[in-house]
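The stops below go one by one.

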Amino acid sequence: MEKKHRNINFKKQIFIIIMTGALLPVILLAFYFYFTYIHEVSDKIDLSNAKALEQVMNKVENVTETMQLNYISSLWKGDYVVKEDSIDWFMKNSVSYSDYSNLKKVQDELLGATYLRIYINSFYFINFSTDWVLTSNGMYPLSEVANQEQLYDIFYTGMSDCKWTYLSIENEGIGNRVIKSDYITLAIKAPLNLKSPNCLLLVNLSSVGFERLLRNSLSSGKLTVFDAQGKLLFTEHKEVSEFLDEYIKEHDTTLESLVERREELSKKSGFNLNLSYSGANGWLYVSSYDPAIVTHEASSIIVTAGLLILFMMTLIFLFSVLGSRTIYRPVSQLVTNLRNIEVIEEVAGKNENEFNFIGKRINRLVDSKNNMEELILVQQKQLKELFVLRLLKGEVRKEDIESKLKNFGFEKMKYVSIIAISVSSKVIEEEWDYTKQDMIKISIVENMPDLISDQLLFPAVTNSNVILCTITRELKEELEEAAVELIRHLTSYVVIESGYHVNFGISQPFDSLMKFRQAYNESLEAVKNNETLNKENTICEQNFIFYSDIANSNSNNYTYELILEKEMKAAVDECDKVKAFFLADTFINHMAESGAVLNELHFYLHRFMVAVILVATDAGLSVNDIFGHGSVNVFLQFNQLSDLDKIRSFYKHNIISPVIKQLSTFRRSNSDLVLDKIVRLVRETSSDITLTECADQLGYHPSYIWKIMKSKINMTFTDYVTIQRIEIAKKMLIETDKSVAEIAEQLKYTNAQNFIRFFSKHVGTTPGKFRMMDRES
């Protein structure tokens, strides 16, 4: 049944291959023509919109420039002579409501040429000297205007003689009249030929007139227009205008740069866009259309291609059915014959059937599995060797030993012993090459036979010019017998492998791997004793000594806690006095539990004390910095102590406490020095500096600068620079007569509006109002 299923799948594969080979070129060709058509139609629409967009831009520029020239000619005649007309009369003289005829003439002149009036909604002619406002609908005193502060800001904050702007009411203040516009406004200072003009003309454009000028300007797309300040003037495509408005605000970019980002904007918006920037007035013109329009127009191609593909698929299907049957016929007959063959014959004829490749794949997988198992065994051996070396260095905690043994697949050991093996020349007078000795030891370890390695707890390793073998048994007696038997095999193997003589040293049995270092030291001492004896006697092939034969029954059984020393150094380095005191208690308790005489432990007590002091000296402190010039007395005092409890107290209060205190003080003083450098650099750069720039100039990492600022003044670097920049701006507003635009330029802002927004956000009022309030107070 399984073979039948496989045969059906193989037949389907033939069918699919024939179908795909014949049908794929047809489908690819159809897609190629379709996308080529879409691309060409899109290019034509883009070209058409680009030309139409250029025409619209020229038309708008013609209207706006004509309007500007019309009003400029009304306010300025010749190079330095103002027109002697009604407008000049209004600018120079105090007026009243009784001057109706003259005021009517001024209104008629300011309404502009007849052909331009469809684009003008209203105007405001403000005389700051006489405090009168003449509008297209009447006249009233400037004092009645609610938003006159906004007018002062426009007039006095460094605006050019003629510009396009907006009048949006921010604060009504006192008064019942408001000068504002619902659309873009042309602002002109007058008289134009004077350095200190006293009048401001505001011409509000008509949104209806401008929209009539712009609407339906594009035959294949929709139009959107933004002014130089990024304000939306006109749109026929709400989705595009909202997207561009959000993009401009989010990226804080210029309108001119958007033209170069056409492809990016088209992708993000989902519409095909064309953008044109006017250098005359800074406006941005955008044409847009939905790509689905082109796709819809190409539907006829899709239908034609679909019918063609359907017809071709029918023919190819029939051809594939007949072709697959013809191709598969000999394979099917072969599979049928194989079903009737006995198992032995089937194996013999395996190379002749269609599933031969399956057999090869299975063989490869089996080989891969075997290789993986060998690799795992090698890696596990390396992990065990690394574990042994860590045990020798005392870097493994007691609680970690059981988990490691479990990972290695070992049950809990009862007794453990270490055998140290040294290799030496049979000729005593021969000069010994230590490099050659290392090579011999490595060769012995790597080529150790299974008969020996299977008896070891861990793989044999080399350390301190010896080879170490670890064995374990349930009983001490069994352990000693196993050691002697293992030495016999090792002697035979090493002599054959290296041709040199070997000496063995065997440690005492231990019931915990925490005593591994002690066992190692014992085996090392035993093998050295063995070598010494061999120099005085004839060398024999089997030569070993048990450490128990040479050990002093009253010897010190204490093993120095390297892990405890590392933890103590870490606690002192972190200035954690509580943890350091706890570790000192633990160290002294281990000393007491060892049962050794105090004089025998004095070396380890000194070592532990020196380890604590080294933390401070490694940080850059001297011993005199920690204990004063009487630091020599610290060691003298320590040598006079004869009680572990007194030593415990001495550790805590005479060593650990002063070291942590001086280390903390030293690090705090460094932080204060770095903070002074940061403050000085911010002041020197007038707060025009970033965190990265500050870190680069001072030679520190940005995260370190951030931590210093946060820990010392509870403020980020950015917040500190912002506050300093605000203070500089306030000082310049109060102590100088510089305009807001000049101050913004000095503080490195791209334009005055950005500075005003920044100042208002952090101070709560505009720079102009802040200056006025200060001077009024």
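Helices (H or I, at least four residues) and strands (E, at least two) are DSSP runs, numbered from the N terminus. This is a predicted model, in which local features need pLDDT of at least 70 and side-chain atom pairs count only at pLDDT 80 or more, while totals for chains, interfaces and linings use all residues. Residues are numbered from 1 along each chain as its sequence is written, and side-chain values use heavy atoms, with hydrogens and water left out.

**Loops**

Select Asp 131. It sits in the loop between strand S1 (120-127) and strand S2 (132-135). Its phi is positive, about 60 degrees, although Asp 131 is not a glycine. Asp 131 counts as partly exposed because its relative accessibility is 38% (buried means under 20% relative accessible area, exposed over 50%, partly exposed in between; 1.4 Å probe, protein chains only).

Next, Pro 191, in the loop between strand S5 (185-190) and strand S6 (199-205). The peptide bond from Ala 190 to Pro 191 is cis, with omega near -5 degrees.

Go on to Cys 575, between helix H19 (562-573) and helix H20 (577-594). Cys 575 also has a positive phi of about 60 degrees and is not a glycine. At 25% relative accessibility, Cys 575 is partly exposed.

**Helix H1**

Select Thr 64 in helix H1 (residues 2-75). Buried or exposed, at 2% relative accessibility? Thr 64 counts as buried. Leaving aside neighbours within four places in sequence, Thr 64 is in contact (heavy atoms within 4.5 Å) with Trp 164, Phe 210, Asn 281 and Trp 283.

**Helix H16**

Finish at Glu 481, which lies in helix H16. At 58% relative accessibility, Glu 481 is exposed.
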